[in-house]
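Reader: Hi! Could you walk me through this one, strands and helices both?
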Amino acid sequence: MIKKLMGYIGEFKKESIITPIFVALEVVMEVLIPLLMSMIIDNGVTKGNIRYVCIVGVIMLLASFLSLSFGILNGKFAAKASTGFARNLRRGIYYNIQEYSFSNIDKYSTAGLITRLTTDVTNVQNAYQMVIRMFVRAPFMMIFAMAMSFYINAKLALIFLAAIIFLGILLYFIMTGVHPYFKEVFKKYDGLNASVQENLTGIRVVKAYVREDHEIEKFHGASKVLYDYFIKAEKIIVFNAPLMQFTVYTCILLLSWLGAKMIVVKDMTTGELMSLFTYTTNIMISLMVISMVFVMVVMAKSSAERIVEVLDEKSDLSNKENAIHEVKNGSIEFENVNFSYSKDMEKLSLKNINISIKTGEFIGVIGGTGSAKSTFVQLIPRLYDVTSGCVKVGGVDVRDYDIESLRNKVSVVLQKNVLFSGTIKENLRWGNKEATDEELIEASRQAQADEFIETFPDKYDTFIEQGGNNVSGGQKQRLCIARALLKKPKILILDDSTSAVDTKTDALIRKSFKETMPDITKIIIAQRISSVQEADKIIVLDDGEINGFGTHEELLASNAIYREVYESQVKGDDDNA
């Protein structure tokens with residue numbers, strides 16, 4: 001795990017190495033100051049040697065200035081190294097997520113991935129800064145201060161050694177006890193973020209149904225769980241401070257008692273005892289800093305494990321060597337296709353699918369909720385891989401194609417398509433970033449989107465809010481269709497993408513497709529029979545199996561499911577009339 005994370009230090013290795021060097025130099029200067037002070041007291045003040053006091057005093061001031069300078073420098077380089085490390089880590093996580101297949105994304109919640117990119121990376125960043133700075137400073141200070149203490153008086157220095165061993169053992173138990181709680185805390189962060197995200201995304205629905213109280217209660221519940229885990233962790237960590245204070249005061253009392261006796265019998269001087277008091281403080285503060293770093297590292301360890309989990313996740317879709325880049329035509333074949341989201345043959349979403357679609361055909365797909373209509377079409381651009389069998393496009397197994405090349409020729413307007421914040425032009429150019437204004441207008445005409453775009457004051461420069469919240473559902477769908485058409489695909493798939501438009505506009509879109517795209521294979525999933533009855537062939541799906549395949553007239557005569565849907569819709573239209 002550590003090796004994996006360290007690979008993201010990247011161009012900030014120099015700052016990461018320089019920081020501990022300046023920390024060590026700062027510590028050396030600080031450790032010299034108490035020794036110089038004892039020299040001033042014993043050799044200058046006690047003997048009345050003002051010249052000696054001035055000379056050593058100047059050296060002490062110089063050491064203080066150097067200590068300050070080294071402290072500023074190590075702080076600067078530590079900040080640069082840690083923020084750079086965090087930037088690289090976020091970039092690495094984000095880039096890896098972009099490579100995920102749909103099945104990889106299904107493993108993580110959106111809120112969980114956001115927590116990893118924000119809270120978890122921040123925890124690791126803070127821990128890294130403390131490790132290269134404070135975790136270097138504290139042991140250095142402790143070692144140097146201990147060395148100076150033994151140099152001054154080895155017998156009294158044994159008090160510090162005993163204190164370090166005592167605290168080290170207690171800190172180990174504190175840290176091992178608190179780690180499981182912090183591990184759970186960051187899982188609960190996902191739940192809290194999910195609650196907030198869901199509320200903000202669906203805020204209009206919340207207000208429409210006057211469910212603010214319910215959402216507040218749900219948020220409080222998620223916050224309470226997080227609070228409880230932090231309390232459990234803090235109840236263990238809280239022992240850290242009193243243990244430190246107990247040890248520090250015990251050391252001071254023992255030094256005062258034993259040191260006073262030694263001064264009386266001339267075994268040490270007053271200046272040496274004062275220096276030991278200073279070194280006592282340095283050693284104990286160092287131990288306290290180490291304990292704080294350990295707390296941060298324990299928190300960061302849980303975050304680091306979650307980050308590495310995302311970084312180690314590899315897409316289960318990959319290109320073969322010498323992958324094919326050219327899609328010859330829009331023909332589609334399903335050969336003995338079975339598919340399961342869990343890769344379990346006992347839990348198949350699609351079962352024994354065998355079907356052949358010719359280039360340029362208009363294919364309708366009908367089926368009840370949960371009949372695997374969306375799953376069926378998502379196998380064509382290889383958003384998922386089949387569990388068994390094969391899907392062919394242009395006579396070639398989709399797994400033999402370069403993924404990007406395949407998807408550029410198979411345009412899919414998904415059930416839950418999204419518009420991004422930006423102008424209409426910018427959103428449309430997701431389909432083709434090089435598209436000219438004329439191409440944008442033509443694609444919009446084919447999707448019947450130009451009629452409402454022209455009514456906007458800024459027309460194609462109209463700004464779309466995040467998620468397309470300032471356009472209607474039907475307008476959003478038509479913009480998404482226009483965006484898909486700009487890819488100039490060989491296969492166009494509309495997954496229930498005209499459900500929000502009126503029947504007249506729906507008919508105009510299909511008419512436009514028939515007239516302007518005769519060579520493009522068109523697959524339309526719909527709930528309305530009227531949307532597919534003019535199709536060359538219609539697929540009836542039921543519980544992941546093909547229940548019928550034929551023209552509108554053939555299915556009316558031979559397929560009970562299709563006939564039932566048709567009659568219910570025709571009867572409903574007659575009743576409304």
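**Strands, then helices**

Author: Happy to: Phe 334 stands opposite Ile 355 in β2. This is a predicted model, where local features need pLDDT of at least 70, side-chain atom pairs count only at pLDDT 80 or more, and totals for chains, interfaces and linings use all residues. Residues are numbered from 1 along each chain as its sequence is written, and side-chain values use heavy atoms, with hydrogens and water left out.

Reader: How many bridges join β1 to β2?

Author: Five, between antiparallel strands, with β1 covering residues 332–339. Strands are DSSP runs of E, at least two residues, and helices are runs of H or I, at least four, numbered from the N terminus. Two strands pair if DSSP finds at least two bridges between them.

Reader: What's the strand order in the open sheet?

Author: β2-β1-β4-β5, four strands with antiparallel pairing. β2 (350–357) and β5 (396–397) are at the edges with a single partner strand each, so one side of each lacks a neighbour in the sheet.

Reader: Switching to helices, where is the kink in α5 centred?

Author: On Arg 116, at about 35°; the bend is the angle between axes fitted to the seven residues ending there and the seven starting there.

Reader: And how do α3 and α5 cross?

Author: The axes of α3 (residues 50–98) and α5 come within 9 Å and cross at roughly 150°. Axes are lines fitted to C-alpha atoms, for helices over the stretch in contact, with angles from 0 to 180 degrees between N-to-C directions. The contact (heavy atoms within 4.5 Å) includes Phe 85 and Leu 89 of α3 and Leu 117 and Val 121 of α5.
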